[in-house]
Amino acid sequence: MNKNSHVVLICPDFFDYKALIENQLEKRFAKVHSFSDRPLCSSIEKALIKYNVANYNDYISRRYSQQLLDQLTSLIHDITTIFIIKGTSISPFFIQSIKSLNPNIRVIVYCWDSIANSKGFVKLAELADKAMSFDFADCQQYRLDYVPLFYSDDNTQAPSCEKSSYTYQFSFIGSHHGDRAKLLYNLLKNEKNALTTSFIKIYFQSKIQFIVFYLLDPYIRKCPKEWFTFDIITRDKMSDVFSNSCFIIDIHHKGQSGLTMRTWETLSLNYNLLTTNPYILLHQPITAVDILDRTHCNLWSTNKKSAFVKQLSNGNISTVPLTLSLWLDELFK
């Protein structure tokens, strides 16, 4: 890659993953110009953007895209690559304008959310030079290239195979969405697991968000208060918890088939994963992972896992786990 070129990264501020990507891009380009994929805003504005209430996100996207263009215009002939991840508040107008200013700029777009949660991404994909997603089902439906997500390059210290005891039987660390509270409650409060020691942290972006879901979701009212947090768990803390957990729980969005970064990190370290996402079976031997049925909260049988894999068998997809550096190699090739 040309070390004299500039790259523009437009990416959600999601935990520390944006910073990890920036660090890798700095090894490949002379300069990295980094921006969020939506303007700084309140929790209420985030909700208006997410659900595009009264076309609010359409308006914000046009305005925010113009702001980015104003900042990039003077650099337009130094920039060789625009890399957009998800693009929550990026208007198609942005790509069109970039291309009109410098047709040689390569625009790469990648979605690490489901299209159902990122409806504007399809229009960005139509204008980009290369469009990819981590979601297998979305790639089939929208004819995107399937590239699974990554784990950190320094995520290499595997746990001891001889470990005989753990601090926690189960652990879960993640943002609140959908039926996560319900599944965690049903799994950990049943007779079999009620007496086990677990580390559970369900993250809420704000107390307002928590109050809204507390009123709407009876399972949030049932869950122990210590399960909830408004503070982001550090990577070091997560590593410590996961290394001391017998099983790490992964509960994916119902309408999403892609494997998250957290899932790949868990797999890369050979931890025991208990997941609701059967698409993981495209990447792992069926004996290496447990699938949790989100309806009945029981485990899939070997026969059920085999039938699922057979139904989705596709020799053209990449099933190789990717470090962040290899992930960027795949996206930029």
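1. Thr-266 is placed in helix α11; helices (H or I, at least four residues) and strands (E, at least two) are DSSP runs, numbered from the N terminus. Thr-266 has a relative accessible area of 2% and is therefore buried, where buried means under 20% relative accessible area, exposed over 50% and partly exposed in between (1.4 Å probe, protein chains only). Leaving aside neighbours within four places in sequence, Thr-266 is in contact with Ile-248, Tyr-271 and Leu-273; contact means heavy atoms within 4.5 Å.

2. A note on the basis of these remarks: the model is predicted, and local features need pLDDT of at least 70, side-chain atom pairs count only at pLDDT 80 or more, and totals for chains, interfaces and linings use all residues. Residues are numbered from 1 along each chain as its sequence is written, and side-chain values use heavy atoms, with hydrogens and water left out.

3. Helix α10 (residues 235-243) has Met-238, Val-241 and Phe-242 buried. Seen down the axis of α10, its buried residues fall within an arc of 95°, so they line one face of the helix; the arc is that of the directions from the helix axis to the C-beta atoms. The cover over these buried residues includes β8 (168-175), β9 (198-203), β11 (245-250) and α11 (261-268).

4. Strand β4 (residues 106-111) is largely enclosed by the rest of the structure, because five of its six residues are buried. Five bridges join β4 to strand β3 (residues 79-85), and the two run parallel; two strands pair if DSSP finds at least two bridges between them. Within this pairing, Thr-81 stands opposite Arg-106 of β4. Strand β5 (residues 130-133) also runs parallel to β4, joined by four bridges, and Ser-133 in β5 is the bridge partner of Cys-111.

5. The whole structure holds 20 aromatic pairs. Rings of Phe, Tyr and Trp (its six-membered ring) pair if their centres lie within 6.5 Å; planes under 30 degrees apart count as stacked, over 60 as edge-to-face and the rest as tilted. Phe-29 and Phe-332 form an edge-to-face pair, 6.1 Å centre to centre with 65° between the planes. This pair links distant parts of the chain, 303 residues apart: Phe-29 is in the loop between α1 (17-26) and β2 (31-35), and Phe-332 is in helix α13 (residues 324-332). Phe-29 counts as buried at 3% relative accessibility, and Phe-332 is buried with a relative accessible area of 9%.
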